[in-house]
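Have the structure open as you read.

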Amino acid sequence: MAKIKFGTSGWREIIARDFTFDNVRLATQAIAHYLNTEMRNEQSALHFREPAVILGHDTRFLGREFALAAAEVLAANDIEPFLCDRDTPTPVIAHTIRERKAIGGINFTASHNPAEYQGLKFSTWNGAPATPEVTNQIETNIVKLQSENFSFKGSVIGTYECETINPQPDYFKQLRKLIEFSVLKKAKLKVAVDISYGTGHGYLDKLLEGVGAKVTMFHNELNPLFGGHHPEPNAENMRDVSKFVRSGKAQMGLGLDGDADRFGIVDKDGTWLTPNQVLALALYHLKKNRGWTGAVVRTVPTSHQVDAVAEMLGVKVYETPVGFKYIGALMESEPIIVGGEESGGLSVKGHVPEKDGILACLLMAELVATEKKSLGQILKELSKTIGEFYSDRINVSFAPEKKDELLAKLGSGLKSIGSFPVEKFITTDGFKFLLPGREWVAFRASGTEPLIRCYIEAKTKGNLKKLQAACREVLAV
């Protein structure tokens, strides 16, 4: 019997092994039970809403067919399904949930996972990723349904029909409230766009072309195997874009992952910028150039370069556990200029409490157009005030039987990391050790593999090397 567990971004498994039509119907029935229970609860935000759910999928194998199977289960539970009319970016689905006042959304995406994976992501009525409190209830429902030998006799795969919608116009209208397209129109940028064979086609390129930008597309054809790579806009996967930009054929490169919720940015000289740098630049731009007010929120392992920019601009910083659902929850309750994480997720005030790679890319293009400088030039100027930041993440494997010993060692606190004294110990998520001079390290255990992820930030390249060695030494048991 398959164990269906929801992680930081939903339930993901390998297609045909655990991610099957029967299991999709089972998970959807558990979601339907959760939603119907909430609608009967007079204290719930769902109590007065019409029972409608937005369904979508990315470009992965069988995405539409899985979505139709879920739609049939929802309809059988008196919940009306609305299926997006083509492969659809995750942030677009999130906005559509809010725009149509739906009670939730089910998105079939495994984001940047390899091609053999498929995923089911449930979003709540406000467009945010479901919190652990919600997914725990869904998981409990799944276990109960399994104990009752739940089965659902559905239509022949892919033949069920439900109402389809085009979410693009409303999403474009939303972005026009957030992005200064008039500034982009004057700049007439030359941009290379890499969509990782994903859902971003017809979105990022169309918006840029609409303001007169010259757009050159990379990896924009349908390919469920994603060219043999993870559909992730990292430095390696964007190397073709970097080469193109470096040759002078474009001023910058903009990349999206498979479901367009993560971003990748290439500067004028072909340098791939880290998400940490992009988040710091987004805060700088929205506060300094746009005059936005509020705080900034980042996750535990995200760079303190963000904190340094915030301090320079007089902005408060919030820190959350890993997972955009925690950032999104804070953005719903506090005035937040921008929220983001080191893995490439970002959103802004007045937008969805969900990662939006399309928005992030447009913000970086707007910053270049506003200041008429490259992003690298802006970072260099910022460094004169806030200093340099050198960040890295290393994965250290361990023998599975040593896990408890390792976690106990880290959890008891450390007086030093190598020769660096620990000034503060934080356990918001994993184990984070603040060191003198804005340097720090953090350790998080993988939930799926026998390894510890070490996040390291130093103010000099020399200290980064020392901390890399020190972290490996700490984990040697």
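## Terms and model

Two residues are in contact when they have heavy atoms within 4.5 Å of each other, and a residue is buried when its relative accessible area is under 20%. Please keep in mind that this is a predicted model.

## Where α2 sits

Let's start with helix α2, which covers residues 63-76. How many of the 14 residues of α2 are buried? Ten of them are, so the helix is largely enclosed by the rest of the structure. The buried set consists of Gly63, Phe66, Ala67, Leu68, Ala69, Ala70, Ala71, Glu72, Val73 and Leu74.

The length of α2 agrees with expectation: at 1.5 Å a residue, its 14 residues should span 20 Å, and its end C-alpha atoms are 20 Å apart. After the helix comes Asp78, with a positive phi near 60 degrees.

## How α1 meets α2

Helix α1 takes in residues 21-40, and its axis is 9 Å from that of α2. The two helices pack at an angle of about 40 degrees, and they are therefore oblique to each other. The crossing of α1 past α2 is right-handed.

Which residues make this contact? From α1 come Phe21, Val24, Arg25, Thr28, Gln29 and Ala32, while α2 supplies Glu65, Phe66, Ala69, Ala70, Val73 and Leu74. Sorted by class, the contact has eight nonpolar, two polar and two charged residues.

## Two loop residues with positive phi

Most residues other than glycine have a negative phi. With that in mind, take a look at Tyr197, where phi is positive and near 60 degrees. Tyr197 belongs to the loop between β7 (190-194) and α7 (204-209). Is Tyr197 buried or exposed? Its relative accessibility is 12%, so Tyr197 counts as buried.

Phe226 is another non-glycine residue with a positive phi, here about 55 degrees. You will find Phe226 in the loop that runs between β8 (214-218) and α8 (239-246). With a relative accessibility of 2%, Phe226 counts as buried.

Terms used:
Residues are numbered from 1 along each chain as its sequence is written. This is a predicted model: local features need pLDDT of at least 70, side-chain atom pairs count only at pLDDT 80 or more; totals for chains, interfaces and linings use all residues. Side-chain values use heavy atoms; hydrogens and water are left out. Axes are lines fitted to C-alpha atoms, for helices over the stretch in contact, and angles run from 0 to 180 degrees between N-to-C directions. Helices (H or I, at least four residues) and strands (E, at least two) are DSSP runs, numbered from the N terminus. Angles under 35 degrees count as roughly parallel, over 145 as roughly antiparallel, 65 to 115 as roughly perpendicular and the rest as oblique. A crossing is left-handed if the near helix is turned anticlockwise from the far one by less than a right angle, and right-handed if clockwise. Ala, Val, Leu, Ile, Met, Phe, Trp, Tyr, Cys and Pro count as nonpolar, Asp, Glu, Lys and Arg as charged, and the others, Gly among them, as polar. The expected span of a helix is 1.5 Å times one less than its number of residues. Buried means under 20% relative accessible area, exposed over 50%, partly exposed in between (1.4 Å probe, protein chains only).
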